[in-house]
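Subject: Handover of a structure and findings

Dear colleague,

Please find below the structure that I am handing over to you. The findings follow directly after it.

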Amino acid sequence: MSVVALEIGGAYIKGCVLGPDGVLRDRERWFSRPERGPDAVLETVLECAAALARRSGAVAAGIVVPGVVDDASGSAVRAGALGWRGVPVRGWVSEHLELPVAFGHDVRAGGLAEARLGAGRGSRNFLFVSVGTGIGAAWVLDGRVEPGSRGGGGEIGHLVVRPGGEPCHCGGRGCLETVASSPAISHRYARLTRWRGVGAGELYHRADAGDAVAGAVCAEAVEALAATLATAVTVYAPELLVIGGELGDAGRGRLAPLREALARRLTFQAVPEIVPAAFGDRSGCVGAALLAQELGSGGAAA
Ligand SMILES: [Zn+2]
């Protein structure tokens, strides 16, 4: 059976179809434009899901969102990147889509996908870290993703790396996301140059091509990320860090400076291996498909 999967992010809604043969098809993405409000974004989600389902004959859909997610009630409790509070995603979409809908957290779904099918296969405990529009982590132990109480675990993007620094959408200041997320490095580059709207992927290319400003912006983000990961490694002692999102999508070479910066910070702690996510910035979408497959086969939604 085929299933439809959608990952709703602050910048894009990513969609795909996972076929019965385990092959991903119909990879698409649409602008989320969250400034329109949750109803309009969910209308777009519904249109995208219905189009993918019509083409594939899907029997179930999986939808994942960022922030604090209540898997049991199917609600986005708090999704700062979307400006959502208490949005009943699963109930609304399943009512209009006329398909069973599985619902979950984007980064935990990404961790699940990497554990079962990707870079975390065979690892007993690892941290999946997504670095893109937002920054979050999923703690995967024996193939199971630990959500924390009330679904609030893994929000490492809101650990403070610059006390009193720039305001963050969470209400705090100087969070990791204000320094190392894709929008943060794009804004910083725009402030230092006249280049506006340069995305993270293009910025990585420019840094690699010798653009000194792009290099400095990336280096600053890497140092902040390494500081946060040093904390996470000290707390969890994972054997592996799987990096997803746009940073993971940029490939193994982009992770070498992160590995060096992390190793410099650790003293007694074992330095974990750092690898890119097998699914690049699509791990969450693949995880959403796995949740939908479980639902379609009668298993419990996670
Ligand atoms: Zn924050």
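Which residue in β12 is the bridge partner of Phe126? The bridge partner is Leu240. Please note that the model is a predicted one. The remaining points are grouped by region.

Domains and their contact

The domain assignment divides the chain into domain 1, made of 3-105 + 282-296, and domain 2, which covers 119-277. Their C-alpha centres are 24 Å apart. On the side of domain 1, 13 residues are in contact with ten residues of domain 2. Strand β5 (residues 68-70) supplies the largest share of that side of domain 1, with three residues. By class, the side of domain 1 that touches domain 2 comprises six nonpolar, five polar and two charged residues.

The five-stranded sheet

An open sheet is formed by five strands, in the order β3-β2-β1-β4-β8, with mixed pairing. The edges are taken by β3 (24-31) and β8, each of which has a single partner strand, so one side of each has no neighbour in the sheet. On average, neighbouring strands of this sheet are turned by 15° against each other, direction ignored. Strand β2 (residues 12-18) and β3 run antiparallel and are joined by six bridges. In this pair, Lys14 of β2 stands opposite Arg29 in β3.

Two helices pack on the sheet. Helix α2 touches β4 and β8, and its direction makes about 155° with that of β8. Helix α3 (residues 106-117) touches β1 (3-8), β4 and β8, and the direction of α3 makes about 100° with that of β8.

Helix α2

In α2 (residues 89-97), the buried residues are Val89, Arg90 and Val93. Viewed down the axis of α2, these buried residues fall within an arc of 85°, so they line one face of the helix. They pack against α1 (38-56), β4 (60-65), β6 (75-79), β7 (84-87) and β8 (101-105). Glu98 follows α2 and has a positive phi, near 60°.

Strand β9 and its partners

Of the seven residues of strand β9 (residues 125-131), six are buried, so this strand is largely enclosed by the rest of the structure. Strands of a sheet pair through backbone hydrogen bonds, in either a parallel or an antiparallel manner. Seven bridges connect β9 with strand β10 (residues 135-141), and these two run antiparallel. A hairpin of three residues joins β9 to β10, and Leu127 has Trp139 in β10 as its bridge partner. With strand β12 (residues 240-244), β9 runs parallel, through five bridges; the pair of Phe126 and Leu240 belongs here.

Helix α6

Which residues of helix α6 (residues 200-208) are buried? They are Ala200, Leu203, Tyr204, Arg206 and Ala207. Seen down the axis of α6, the buried residues fall within an arc of 165°, so they line one face of the helix. Their packing partners are α5 (182-192), α7 (212-236), α8 (245-249) and α9 (252-265). After α6 comes Gly210, with a positive phi near 105°.

With kind regards

Note on methods
Residues numbered from 1 in each chain as written. Predicted model: local features only at pLDDT ≥ 70, side-chain atom pairs only at ≥ 80, totals over all residues. Domains from an automatic or database assignment. Contact = placed C-beta atoms within 7 Å. Helix = DSSP H or I, 4+ residues; strand = E, 2+ residues; numbered from the N terminus. Nonpolar A, V, L, I, M, F, W, Y, C, P; charged D, E, K, R; others polar. Buried ≥ 20, exposed ≤ 12 C-beta atoms within 10 Å, placed from the backbone. Arc of directions from axis to C-beta. Pairing = 2+ DSSP bridges. Axes fitted to C-alpha atoms, helices over the stretch in contact; angles between N-to-C directions.
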